[in-house]
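Hi,

Here is the structure I promised to pass on. Have a look at it first, and then read on for my notes.

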Amino acid sequence: MTELVPLGKPTAPVVSKDPRTDLMGMSLDDLSVYVESLGEKPFRAKQLFKWIYGKRVDDFDAMTNVSKVLRARLKEIARISRLEERVVQASRDGTKKFLWGLEDGLQVESVLIPEERRMTLCISTQVGCPIDCDFCVTGKGGYTRNLTKSEILGQIVGATLHCPEDQPLTNIVLMGMGEPLLNLDNVVETMDTAMDEDGLSLSHRKITLSTVGLIPQMKELGKRSRINLAVSLHGTTEEQRTQVMPINRKYSLEDLIQALTEYPLPPRKMVTIEYILLAGVNDSVDDAHRLAKLLRPVRSKVNLIPYNNNPFTEYKRPADRDIVAFQEALMSHGVHTVVRLNRGNDIDAACGQLGGYEQKRPKRERA
Ligand code: SAH
């Protein structure tokens, strides 16, 4: 097994070397407070919001409906930051992986996945992750810090600049590095900006947050946002789930299922249950029957994710016939089930492969 080098020590809040105020990441409310502090009329906030997120410009001179005097002033005291594109890798299947450089020298990844009628961006919410699921590459590198609002929206704005004109960004999944519910305020506010019709104008139906199931934060999310919820389950008994996800000691399978039955789902929506298939660990037909039974009270669909083998753990992806048998057993109970394809595998961009490293890795075994 290969050891991952820790990402770095936790750092103090990000302090930029640039003294100008960064407007990237600001919500409409933040911008209103800012323009008011400059003695400007409130409608200026909306104008800036539209330019920053709707039109995605980073140059005040392009803001033609803002007075010349204000533009000149903003150029001196403010900026609209962009993430540094350290590496952009393209996969044979069209998937693109971005390694972004942050202002304190750390880095995170996002993955842009083109499909026939969708363009999905998978974004990170933390540098590293403190949850430490046994099978996850990101967790092996430890945890450094939460991403700021600027860094979360920066990934989205940065990636949209890579979308072909006839294939704009349609979906966002918060399934990159980190546990999004540990960065709840920044996540809720930035997704509000992504959904705002003057912002990135994405529908709440097209944004999905994935969590290991932090119950109190999940309840909070249900109160504060309409984005879709996905939960990483990965086990069908307490013991099995604890083995792969130690967080199960704190928030048990039983309590999690109970919380999901109470989750305030908007009409016609379902919770997505993510279930990694790990050979010989949680992939038996008995597991499939148990999973169906567990989910009976939850309005849900199941996303099966055959494990992406990697040199950092000993878990393995099951054989195809076992994957099919698992899916069929689930479907025999009427559970809506899809198997998630491994996109971007050749550039280490598939689920669970985001480490945030720009390093040479040993040749990986193929599934
Ligand atoms: N922390 C959140 C967000 C990350 S989502 C969460 O865990 O839900 C990333 C998804 O990919 C999770 O369901 C995770 O369990 C899964 N995953 C992690 N490593 C994987 C791997 N090697 N192969 C396939 N899926 C993996």
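The centres of domain 1 and domain 2, taken over C-alpha atoms, are 33 Å apart. Where do the two domains start and end? The assignment puts domain 1 at 21-79 and domain 2 at 84-365, with bounds that come from an automatic or database domain assignment. On the contact itself, 12 residues of domain 1 and 13 residues of domain 2 take part, where contact means heavy atoms within 4.5 Å.

Before I go further: this is a predicted model, in which local features need pLDDT of at least 70 and side-chain atom pairs count only at pLDDT 80 or more, while totals for chains, interfaces and linings use all residues. Residues are numbered from 1 along each chain as its sequence is written, and side-chain values use heavy atoms, with hydrogens and water left out.

Back to the interface. Domain 1 and domain 2 bury about 1100 Å² between them, and 59% of that is on carbon and sulfur atoms. (Buried area is the accessible area, with a 1.4 Å probe, that two parts lose on being put together, summed over both.) The rule finds three salt bridges across this interface; a salt bridge here is a side-chain nitrogen of Lys or Arg within 4 Å of a carboxyl oxygen of Asp or Glu. Helix α2 (residues 43-54) supplies five residues, the largest share of the side of domain 1 that touches domain 2. Helices (H or I, at least four residues) and strands (E, at least two) are DSSP runs, numbered from the N terminus.

Now the salt bridges in general. The count comes to 20 by this rule. One of them joins the side chains of Asp30 and Lys149, at 2.6 Å from N to O. Asp30 sits in helix α1 (residues 28-37) and Lys149 in helix α5 (residues 149-160), so this pair ties together parts that are 119 residues apart in sequence. Are these two buried or exposed? Asp30 is partly exposed at 25% relative accessibility, whereas Lys149 is buried at 15%. The cut-offs are under 20% relative accessible area for buried, over 50% for exposed, and partly exposed in between (1.4 Å probe, protein chains only).

Glu151 pairs with Arg145, their closest N and O atoms being 2.9 Å apart. Glu151 is buried at 6%, and Arg145 is buried at 5%. For Arg317 and Asp320 the N to O distance is 3.5 Å; there Arg317 is partly exposed at 22% and Asp320 is exposed at 51%. The side chains of Arg79 and Glu103 also meet in a salt bridge, at 2.9 Å from N to O. Those two belong to a network of salt bridges that links Asp18, Arg20, Arg79 and Glu103.

Last, strand β5 (residues 107-114). Eight of its eight residues are buried, so β5 is largely enclosed by the rest of the structure. Gln107, Glu109, Val111 and Ile113 point one way, and Val108, Ser110, Leu112 and Pro114 the other. In a regular strand, side chains alternate between the two faces of the sheet.

What does β5 pair with? Strand β4 (residues 96-101) runs antiparallel to β5 and is joined to it by six bridges, and two strands pair if DSSP finds at least two bridges between them. Lys97 stands opposite Val111 of β5. β4 and β5 make a hairpin with five residues between them, and Gly105 in that turn has a positive phi of about 90 degrees. On to β6 (residues 119-122): four bridges join this strand to β5, again antiparallel. Ile113 stands opposite Thr120 in β6, and the β5 and β6 hairpin has four residues between its strands.

Cheers
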